[in-house]
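Here are my notes on this one, as numbered points. Have the model open while you read.

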Amino acid sequence: MTDIRNEPSHEAEAIGALLRDNYGMAGEITALPGEHDLNYRVRSASGEAFLLKLHAPGAPLELAMQMAVLDHLVRVAPDLPVSRTLPDMNGAAISTAHVRGERVARLLTWLPGEVWSRSAARGDESIETLGRLLGELDRSLESFNHPGAVRHYAWDIGRAGMHLENVGLIEDAERREASRVILNRFTTDVLPRLETCPRQIIHNDANDYNVLLDGEGCVSGLLDFGDMVETWRVIEIAVAGAYALIGTADPVETIGRLAAAYHAVNPISEVEAELIFDLVCTRYAVSMCMAARQIRDNPENTYLLVSQDDVWRELQRLQRENRSIAIARIRDACGFAPIAHAPRVERWLERNAHAFSPVVRPVVAKPTVLALDLTAHGPDAQAWASLDAAGAEALVDQRVAEHGADFAIGLYGEDRVIYKGDAFETASPGARRTVHLGVDIFAPAHEPVHAPFSGKVAFIYDDAVPFGFGPTVLLEHQTDGGDVFWTLYGHLSRESVAKLSIGQAIAAGVAFCAFGAASENGNWSPHLHFQIVTDHLGLEARMHGVGVRNHWQVWRAISPDPSVILGYSVPASVIVARDKAFLVRERHRRIGRSLSIAYSDAPLKIVGGEGTYLIDEDGTRWLDMVNNVCHVGHCHPRVVKAAQTQAARLNTNSRYLHDSLVEYSRRLAALFPDPLNVCFFVNSGSEANDLAIRLARAYTGNRDIITVDHAYHGHLSSLIDVSPYKFAGKGGEGRPAHVRVAEMPDLYRGRFRYGDEHAGREYADDVRSQMAALAAEGRRPALFFSEGILGTGGQLTLPAGYLKEAYAHVRAAGGLCLADEVQVGFGRVGSHMWAHETQGVVPDIVTMGKPIGNGHPMAAVVTTEAVAAAFANGMEYFNTFGGNPVSAEIGLAVLDVIRDERLMHHCHVVGDRLMDGARELAKRHPIIGDVRGHGLFNGIELVRDRETLEPAAGELELVIAQMKQRHRILLSSEGPHHNVLKIKPPAPFSTEDCDYFLNALDDTLATLSY
Ligand SMILES: Cc1ncc(COP(=O)(O)O)c(C=O)c1O
């Protein structure tokens, strides 16, 4: 940028006069760069900025096009960050200016931001926001037509073939040849497919000087519609990609990210996704040809030479990529199968697996197979790292003998450290190939290899380097549908391979080659590397046997799991561990979006649990204070053992007699007073509550239900109906006609508060009112739902006498009373086994879930003999999984641990310590408005003002984030105002855990400014 004061003074004067006379504006004027036009930033006296463009004469149609598109976008996409034309004082969009000749003047709104090429904030967000912007722009441009854009334009890479005639002008031979190859490929391969794709007018020049970024790196503006052209839509992505990837660590990832973001708002086809990589290369080739022509015409233009070095550097980076993998990765980024036909091949293999012949030892009907662990963490890791081929063979033999196996295998998907050297590097820094794409089958040299199904010899190669594949063969096969794929056999004997010829047919089951010895197989212990190949990446028999972990979803499609062919009795593959970004992406893609992720800004990948701790993939231990499901502690060994033992013995439905089920029902019912004697076993808290509704309706003959405001009782339709937390919240459909909502008894901020000794009765009066309202409509209640402590209500303890009074009103009206112990049961409240017992009531139905199986999906309903009898009306109650022997054994183990580890008493002691400690903190931290709970089910309510009780929800969010980041404590919020810190850790939460939490909370609250 140059200050206009340095320009010839008559120019500055002319511009000043133009602004004054035509736009009634005075201001500071700064000249900006521009290839043909003169551009100026004008800052008016009020500080507002504008862009003044003085167009070079001679392209009226193009100018008209630029003006028309902005008018179009104002109408159809007013929110797009593009300039708006400002009329002059006569209402005209253009006027005439005399600056370096006669020019057309236009005043435009100024777009904020820094140009992409200079922005320090450039990053993934920039690429994604650019992709989305271009997607939205192109959607808006679908309905735009202008003759100025329908042109034979050299910068339209849809016409790249025309540049072939200029390739010879490129001076450097290497660059010349590269451009020629790309342009030839464009003509023969790209263009015919491009011609099947949608066409429209596109911006065509989202380059790094035309895109603006804000301080966060998000796109804040798109400039310059002067290169618009009517062409194939996908070129928009390719042009932007050619600039966006400059300087990024992984250019293919950048292109994929951009394409995916575009695709998310303006879906592209598989063909378009497949063409982007070649089109980016084409853009570079066109750029080199155009530059060569310009240099010929203007030899003094050295700037062009410099910019061409950048183009060449980026093109070389793309050329180092394997084109097939790059295309597969871009397809994958857009959500398409990385290899289009791979899913069909996999389905064909699954369908036909029963007919495949064994690859090794067909005479052994069901071989005993030993799976070796060749990772860095396996039991023999040290040995694998240090042994030579003979030593490794001896160790394999030893292990096979120890296990009485027929042979050993090495697993598909294993991430191995044994692959050393440059051959395992890829074009992307840090993306080494380490993950095994095949299954290794270990057996002595000369062991025959059989074809699993018919095929023909397609490729042969002798990879005769240390740790290479040695002699390698690819057989070609075809599915019924005509999809071609290959099976790869590596580490073969030279002699056996020498007998094969390309094109030779191989029948199913035929022994067509043999295992090689270490001396010829790349210096490995003799084994066969067996791999499926859906795309040999142009590498033919030099195909890779190891892929990149971070791109596993692509490699897995290139070489699917060969277990389907081998059919061994032990797993021949492992799940490849992926990073969090990928797991989030896949969750969003493959799992319903309404499933939320905790700490979504920085989610955790949890791989283990122990006691009160969760353990992430790095081994970091997180104190878990929200998991009342793993009630007796994560992975409690007694519960794990019970599950393992019973699962190994028997698991079936409850239609057969089984000691464990009957014993469990006896133990569970014994935890309740008479007449709560009869159990039903189900699989989730929701199912328990749903069954409870059916029980109550069968017994009472009534249909209506009363529930407490803000409550949640489960995710089934019947329970969303009785959960104000859901039906009155986002996406909810409101209160159904058969449900009445009782006022939530909130002693902290409700109508009747702490200190009101009649609060229980007063709140229960609302239950009576609901009964009266029902009666007035001639209806009667079936069931009253309540928890013993209100969870979603905000961890609220009930006022004394509330349930007693409420139950009396409900029963008087003919209804039954249910205690939902799904959250709070099994001794958590410390003083009692069940939270409702703190209210001195005996319900008609109790439902249990979460803690009952310590994480195993099981739940139960306990009710009276009378209610159960009414339900046994002839319709059978069958539940496939409920009450299965594994669940029963797990349930028994949980009860045993609660008893033997005195967990109820422990919850009492530690819960009191926690609440006492929190109340001490409240003395120092006025933001703590209330501390409440029973045992280890607690709420700490944060308020901005203890008088007004203004909820401190934002502050709580910060506290939860800080407790995680700084102290590795996992917590969450609860309550209608989202301002209650929810506490419900596994019951073994120790006094040390408690003190650690209190100190951390003290520290965190001290950092809040209030
Ligand atoms: C009080 C209450 N009841 C029932 C349920 C439903 O249990 P599940 O998720 O096992 O279906 C929940 C779950 O959060 C709950 O909190």
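1. How many residues does helix H17 have, and how far does H17 reach from its first C-alpha to its last? The helix covers residues 637-649, so to speak a run of 13 residues, and spans 18 Å, close to the 18 Å expected at 1.5 Å a residue. (Expected span is 1.5 Å times one less than the number of residues; helices, H or I with at least four residues, and strands, E with at least two, are DSSP runs numbered from the N terminus.)

2. Quick housekeeping: this is a predicted model, where local features need pLDDT of at least 70 and side-chain atom pairs count only at pLDDT 80 or more, while totals for chains, interfaces and linings use all residues. Residues are numbered from 1 along each chain as its sequence is written, and side-chain values use heavy atoms, with hydrogens and water left out.

3. Back to H17: Val 639, Ala 642 and Gln 646 are buried there. Viewed down the axis of H17, the buried residues fall within an arc of 60 degrees, so they line one face of the helix. (Buried is under 20% relative accessible area, exposed over 50%, partly exposed in between, with a 1.4 Å probe and protein chains only; the arc is that of the directions from the helix axis to the C-beta atoms.) The cover over these buried residues includes helix H25 (885-900). On the face turned away from the buried side sit the exposed Pro 637, Lys 641, Gln 644 and Ala 648.

4. Now the ligand. It has 13 residues around it, and the closest are Gly 685, Ser 686, Asp 820, Gln 823 and Lys 850 (the cut-off is a heavy atom within 4 Å). Helix H19 (residues 685-700) gives the most to this shell, with 3 residues.

5. Ligand oxygen shows up at 2.8 Å from a backbone N or O atom of Gly 685, and at 2.8 Å from a side-chain N or O atom of Gln 823. Taken alone the ligand exposes 390 Å², and the protein buries 84% of that (Shrake-Rupley areas, 1.4 Å probe).

6. Finally, have a look at Asp 844, in the loop between strand E34 (816-820) and strand E35 (845-848). Asp 844 is buried, at 13% relative accessible area. Its side chain has a polar atom 2.7 Å from the backbone nitrogen of Cys 817.

Conventions: Contact means heavy atoms within 4.5 Å. A polar contact is a pair of N or O atoms within 3.5 Å; within protein, one must be able to donate a hydrogen and the other to accept it, and residues adjacent in sequence count only if both atoms are side-chain atoms.
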